Amino acid sequence: MEDGSPSNIEVPRGSPPRVFRELEHAWRHLDYLYEISKRLTGFEGMERTLPEVMVLASQALPLRIAVLLVGMDPSGEPVPGRPHLTVWHAGEVTDTQLVLAADRAAATYAWLMGVKEVEPQGEAVARLEEGGTWVLPRPPTRAEPAFITLPLVAKGSVFGSLQVEAAEVLSEEGLAFLDAVTNQLAVALDRHHALQREMHLRQRAEVLERVQREFLLRERQAYLEVEASHRRQSFLAEASAVLAGSLDYRSSLSGIARLLVPAWADCCAIDLLPSGLGGAERIAMMAAEPPGQPPGSESFVARVLASHPWVAFPASPEGLPEGLGRVEQAEWAGLPSNIRLPIRVRGRTVGTLCLIAAQPGRYGPADLALFEALAQRIATAVDTALLYQQAEEAVRWREELLAVVSHDIKTPLLVVRMNAEMLLRAARPPGEERRHHGRRHLESILLATGQMRELIGGILDRARLQGIPMPLAPQPWTVDELFREALAVLRPLALEKSQELVVEVCPGLPRVLADRERVLQVLSNLVGNAIKFTARGGTLTLRARKVDGMVRISVKDNGPGISSEDLPHLFERFWRASGVSERGTGLGLSIVKSIVEAHGGTLWVESQVGVGSTFFFTLPAAGP
């Protein structure tokens, strides 16, 4: 058949016209059923397929309206009370006729499905409602057409209905044709819904699989986070044990560097500023080549040591990082994972912890928190070690006090002994001269005993070198008076070694604002050392002059001098030059320095080996 016309039919000769017409109708119905089955084979949804099917059916029968109600949703699930509505009609049909047909189709569908009422769904309903009304006023009964309703059956169950309105009464042959069309439509719909159910189940399975995959992924992520947290806690516990295992922070920090490399970093550097002054000291350094480095490529460790300022050189005090938890950006390509954290204790930065990794994005927020906690533990361990060293120093200081007393008391005792011997020799001159000599020597003995009393106070001065402020009672004093009082005790020692004491005070020199006993202690120590280290027959010179608003006092000798290697350590506590035969505690000059600085002055020395030494110190000039 072409363009919808029936094929040529051969009819036996002598057949009546009625038989011919019946055969012709039968062949035409078969041709249309064939075309309809072709349309239904490519089923693309009721809104598109039903009009195509009904157009073909209307060419075989005088059909005006077709109303299809299917009690299944798009996924193929049954919903008898809310059927999907699809309407087809010829061009001359009015809206009133469409509403009447849809109303009758809904009532028939409800009877077939065994439900009380239905709520049809679909675009056709929206076109029919015209403002939300489903049932319009019914037309007169004389205009009621003939309706034919055929159930849609699949697998023995009714799942919908097809209502058809014809322009005339249909013959049995036409009813058979409609029944065949309905059966084909039911099969196509059932197949379509089966495919929809399968697709829906497949989609549900895919959703379920995706949800399960996401769940497993989250579960694995949670497990990895718990494992990483356990690893970080284990590392922190191990690091704490290493830091607590020794009071030698140098060995402890070397152990920390070994824990960090290569487990947490490819390069680690720890710098400290224990005193808070001067350049940092490199305490620990550890580096390892990262795994998976291509053969023949440039060494990672060599590149870090040659290029990275945090590792190539210890950190300077000015370059210490501010604040906590700073992740630094890469300073060259290929090494983006860098962390530098300050090591702080009691509000003071005492060093830095630097970590470098070749892997990009190696460190996250949790790792940063871990290393901040590690830096805090390092700071506590270093602070504890330094406090322990100070405690040991205090114990050693206490043990040195006996040596200090036994050393410094020798000079006044020697004066007492020499003056006592002179008294014995002076007892020979008769009369007034004898009394004059006795009085003078007795005065020297009294001065010596006064110095011994001051020495007891000097023990407290040494204790104050540990941090206790030195109290002063400054008053105006002339330099002549201070020189005279200091040399009254020391001159016999110089005479004993045939040494010459020269005093030079500039005319008009202002008085100094000083604590008398403390300044006499300074002069006694400097002049006493000059006498001690100057050979017999040498010369000692005391000078005083005004310089830049201060009074500068110097003690010069022509002794052996001080080597350039010893000069930087001269005023350190407990330091003694190795080549000096005279035994001492190494505390005298450190005490002199603390006294001069407590007055606001400065102490320094100039010396040349084989020529002699000159010690200078300044004191503030008193007002008029």
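Select helix α3 (residues 95–113) to begin, and you will find that it lies across β1, β2, β3 and β4, running at about 150 degrees to β4. Helices (H or I, at least four residues) and strands (E, at least two) are DSSP runs that are numbered from the N terminus, contact means heavy atoms within 4.5 Å, and angles, from 0 to 180 degrees, are taken between the N-to-C directions of axes fitted to C-alpha atoms, for helices over the stretch in contact.

Before going further, note that this is a predicted model, in which local features need pLDDT of at least 70 and side-chain atom pairs count only at pLDDT 80 or more, while totals for chains, interfaces and linings use all residues. Residues are numbered from 1 along each chain as its sequence is written, and side-chain values use heavy atoms, with hydrogens and water left out.

**The sheet**

Next, select helix α2 (residues 46–60), which lies across β1, β2 and β4 and runs at about 35 degrees to β2. The strands under discussion belong to an open sheet of four strands in the order β2-β1-β4-β3, with antiparallel pairing, where two strands pair if DSSP finds at least two bridges between them. At the edges are β2 (84–89) and β3 (146–154), each of which pairs on one side only, and from one strand to the next the twist averages 15 degrees. Now show β1 (residues 63–70) together with β4 (residues 157–166), which pair in the antiparallel sense over seven bridges; within this pair, Ile65 stands opposite Glu165 in β4.

**The nonpolar cores**

Move on to Ile553 and Phe617, which touch the most other members of the largest nonpolar core, a set of 44 residues. Such a core is made of buried Ala, Val, Leu, Ile, Met, Phe, Trp, Tyr and Cys residues joined through side-chain atoms within 4.5 Å, and buried means under 20% relative accessible area, exposed over 50% and partly exposed in between, with a 1.4 Å probe and protein chains only. Helix α12 (residues 479–496) supplies the largest share of this core, nine residues. Apart from this core lies another, of 38 residues, among them Leu243, Val261, Ile339 and Phe371.

**The salt bridges**

Salt bridges come next, each being a side-chain nitrogen of Lys or Arg within 4 Å of a carboxyl oxygen of Asp or Glu, and by this rule the count comes to 13. Select Arg202 and Glu198, whose side chains meet at 3.2 Å, N to O; the two are four residues apart in helix α5 (residues 172–244), so about one helical turn separates them. Then select Glu485 and Arg516, which form a salt bridge with their closest N and O atoms 1.9 Å apart. Because Glu485 lies in helix α12 and Arg516 in helix α13 (residues 516–533), this pair ties together parts that are 31 residues apart in sequence.

In helix α14 (residues 588–598), Glu597 and Lys593 are also separated by about one helical turn, and the closest N and O atoms of their salt bridge are 2.6 Å apart.

Where does the nearest cysteine sulfur to that of Cys267 lie? It belongs to Cys268 and is 7.3 Å away, too far for a bond. A disulfide is a pair of cysteine sulfur atoms within 2.5 Å, and the structure holds zero disulfides. Both cysteines are buried, Cys267 at 1% relative accessibility and Cys268 at 0%.
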